[in-house]
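User: Hi! I would like to go through this structure with you, one piece at a time. Could you help me read it?

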Amino acid sequence: MYELFIASGLGSLVGIIAGCIPGVGMFVATAVLYAMLMDLDPAALIMFYTCMVCSAQYFGSVTAIYLGMAGEAASFPAVIEGYALSKKGQGQKSIYLTGIGSFVGTGFGLFFIALLSFFAMDISLTSFERMILFCIVGLSLILVTNNSKIVDFSLILLAIALSHIGYSGNSNIPLFYFDMLWLSQGIHFFPLAAGLLSMKEVLSAEDNNAKKIITEEQFNYVKEFVKHKWSILRGSVIGGIAGMLPGLTTICSSHMAYLAEQKVTEKTYTKGNTYCITSTETANNAGSISQLFPLLMFGIPISGSEAIIWSLLDIKGWENSPNEVLKLVTEHWYILLVINLFALTLAIKFASHFVKIVPKNNTVLKISIFVILCFVTYIVGNKFQGYGFFSLILFLISTLVGWRFPKVSFIPFIFLMVIGPILLDSFYTGLMVHGLYGGPH
Amino acid sequence: MRNILFALVAVLFSTKVFAETIPMIVTGSTGGGINAFAQLMAKDSEAGKYGNIKLDPIVPGSACKGFAVVGKQAKGSTFLTHYENYYQLVSKLKNNPACPYVSFEGAAPIVSKVGGLYLVVKTNGKGDNISNNGLTLSDFKNKKLKIGYSGSSTVEKEWHNQMNSKWGSDHIMVGYNGSSKMRAGMASEEVDAVWTSYRHFLRLMKVKKEYAILLKTVDQNKVSKSTPTLGDYLGDPKLTRAWLSTWYVFNDKNGIAKTIASSMKSDMAANTGNIGAYANKKKLVLEFDAETQTNMEKSYGWDQY
């Protein structure tokens, strides 16, 4: 049990760093720590990830409110409302409200996925159904990007073509490797994702030139909570549902809750609204829990960082089933709540100290992450395929491509690379089931 | 604070990257029994069960990919990998550079097990009494069914065709990419029956108690004595198949195989450790004697029946 506490605590610590430092999102954090995460059990890994995402939401709002910077993408509404509240001298109250809302949102998220798992007990997908579901998720990711449709479809086709390299058609014998043995192991998504998503995110991070606004305020904690109860409830429900949207997850949760709250407070709304920021940040955390459901239930990662976690769960032999999800939630919910309570206390009481870890200049950070990712991609390539240098070269090329095309979103490409082998398995197995394909000879 | 955090990450990173471990190459799918066993061995090694021996599982995702990684190990380096009579035959038959044949000559065996295959069907949710619901053995003669396997190589195809000719049927073979995907296929009812291990039968039953075993390939104490064996039922002992699964140490310089084997043996007797608890729960019959294991390799070939 203590292992789970340690993993959760570590996840929370990483989440604090990722939440505070722009450019170090969930994806960068999981990619950098990949080699270490390989040692964790599936349950510990899920706890680590969940606590990391939750803590990042708490501290993402701290930098948003005090510095007017979004530590992670889901905090943009918090930047608009929170920084304005700081300017009004209500920063501390905002931190408290977002923290308490986030805590309730986490609890709601846990309850929500337990409920979904319970109702999903009888769902078993056939190969074709699984394939269709994967395709829907893959195609829906196009909605997340600003790419032209031609670019999106080209990236998807490229990913499907690359997924065929080393594919065995369920026969174990690798195919399509063109007599180059280093291709027979297939192309692992990790070096591509590390370059096209992680490094791109890191390179695009801007330096911190914002003015820090920290004030001391007096307010009644209970009264404020009661006053904002409906915003918290709305945020929980909207965040719980919207968190399951592929590619958008917590970003969608927070933005939808923000829009809904603006609508509710339409008549009295002015920039720097405590109801809006409370609901938004509550939704963030509810979404950070509910986004786990498609991953744990069907093995469908719906965000970049989840894809990394999924690959780790897969090598550990994790079984996707509602039973496992329900077991995980019912047996370990209190650890999540304890860690969240801890993160909440830190965020409320020591927020002003944590903003100090936000670097003024990101150059050292960028170089450090690049060097670490070089190591990690080499290790991952060696560990999974026996070709570390090939993996490293893929990472370097991907970083170059990501840097050369900063406006192109590679999320659909990476997602298809992650699920490519499963998609192909489901497709060819489905054909076999219907007697249309006899397998490779 | 920033410096402390940076130092913490650096320490965690370097302890992992530069840790001394022995690679344990998993030559099977990620969701199968080989990987499950490997992960538990790694956990036991981490807990200090094998003294200073720390195992680091490498999971390329399939047997052939695993064989390729074995082939890339430095000459004379110590590592663990897995032998299975079925995959030995697949790689031998294909003679493909992307699926190299690995010779286990001179490697030291740690632990072996022989596992039968079981023909599992659904029983329409009325418990495991198969006499009056779900598929029966006579349905395999009268109906065209879809039968799932954990792979779709020539080896399974040949076995499937042999059974089809004995049954006088034209069942469709559905070869999955690993046992866990086959289990998901059975759960979704896209196939009517599967040939699988007892472990996967138990996992199906864990989700819903709706499955039953109609046939077994070898007579082990896992299912009722009254369940017929395939060879007896179809009158051809050559149809019998069984998995022989052994973990080996290559270039065992310090008695690694013996240390791990004796620790596993005592764990199994005391029902302690991850492997001990797993083996007892799954009713595994494990063999730890090196000589007996080497002889088993000679007598249990997928193609020798």
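Predicted model: local features only at pLDDT ≥ 70, side-chain atom pairs only at ≥ 80, totals over all residues.

User: What is the angle at which helix 5 of chain A and helix 13 of chain A pack?

Analyst: Helix 5 covers residues 76–87 of chain A, and its axis lies 9 Å from that of helix 13 of chain A. The crossing of this pair is left-handed. The packing angle is about 140°.

User: Which residues of helix 13 of chain A does helix 5 of chain A meet?

Analyst: From helix 5 of chain A, the contact uses P77(A), A78(A), E81(A), G82(A) and L85(A). By class, this contact has five nonpolar, three polar and two charged residues. On the helix 13 side of chain A, the partners are T274(A), C276(A), I277(A), T280(A) and E281(A).

User: Are helix 4 of chain A and helix 13 of chain A roughly parallel or roughly antiparallel to each other?

Analyst: Helix 4 (residues 42–67) and helix 13 (residues 274–290) of chain A pack at about 165°, with axes 9 Å apart. Their crossing is right-handed. Angles over 145 degrees count as roughly antiparallel. Therefore helix 4 of chain A and helix 13 of chain A are roughly antiparallel.

User: How many polar residues are in the contact of helix 4 of chain A with helix 13 of chain A?

Analyst: T50(A), V53(A), C54(A), Q57(A) and S61(A) of helix 4 meet E281(A), N284(A), N285(A), S288(A) and I289(A) of helix 13. Of these residues, three are nonpolar and one is charged. The polar count is six.

User: Is the crossing of helix 9 of chain A and helix 18 of chain A left-handed or right-handed?

Analyst: The axes of helix 9 (residues 189–203) and helix 18 (residues 388–404) of chain A come within 7 Å and cross at roughly 40°. That angle makes helix 9 of chain A oblique to helix 18 of chain A. The contact between them has 10 nonpolar, five polar and one charged residues. As for handedness, helix 9 of chain A passes helix 18 of chain A in a crossing that is right-handed.

User: Which helix of chain A gives the largest share of the side that touches chain B?

Analyst: In all, 41 residues of chain A are in contact with 46 residues of chain B. Helix 3 (34–37), helix 15 (304–315), helix 17 (363–385) and helix 19 (411–433) of chain A each give two or more residues to that side. Its residues divide into 17 nonpolar, 17 polar and seven charged. The largest share, six residues, comes from helix 17 of chain A.

User: What is the strand order of the open sheet of five strands in chain B?

Analyst: Pairing in this sheet of chain B is mixed, and the twist averages 30° from one strand to the next. Strand 7 (172–175) and strand 9 (211–216) of chain B are the edge strands, each pairing on one side only. The order is 7-6-8-5-9.

User: Which residue in strand 2 of chain B is the bridge partner of P23(B)?

Analyst: Strand 1 (residues 22–25) and strand 2 (residues 55–58) of chain B pair in the parallel sense over four bridges. Together with helix 2 (residues 33–46) of chain B, these strands make a right-handed β-α-β unit. The partner of P23(B) is D56(B).

Conventions
Residues numbered from 1 in each chain as written. Chains lettered and ligands numbered in written order. Pairing = 2+ DSSP bridges. Right-handed = clockwise from strand over helix to strand, strands pointing away. Axes fitted to C-alpha atoms, helices over the stretch in contact; angles between N-to-C directions. Parallel < 35°, antiparallel > 145°, perpendicular 65-115°, else oblique. Left-handed = near helix turned anticlockwise from the far one by under 90°. Nonpolar A, V, L, I, M, F, W, Y, C, P; charged D, E, K, R; others polar. Contact = placed C-beta atoms within 7 Å.
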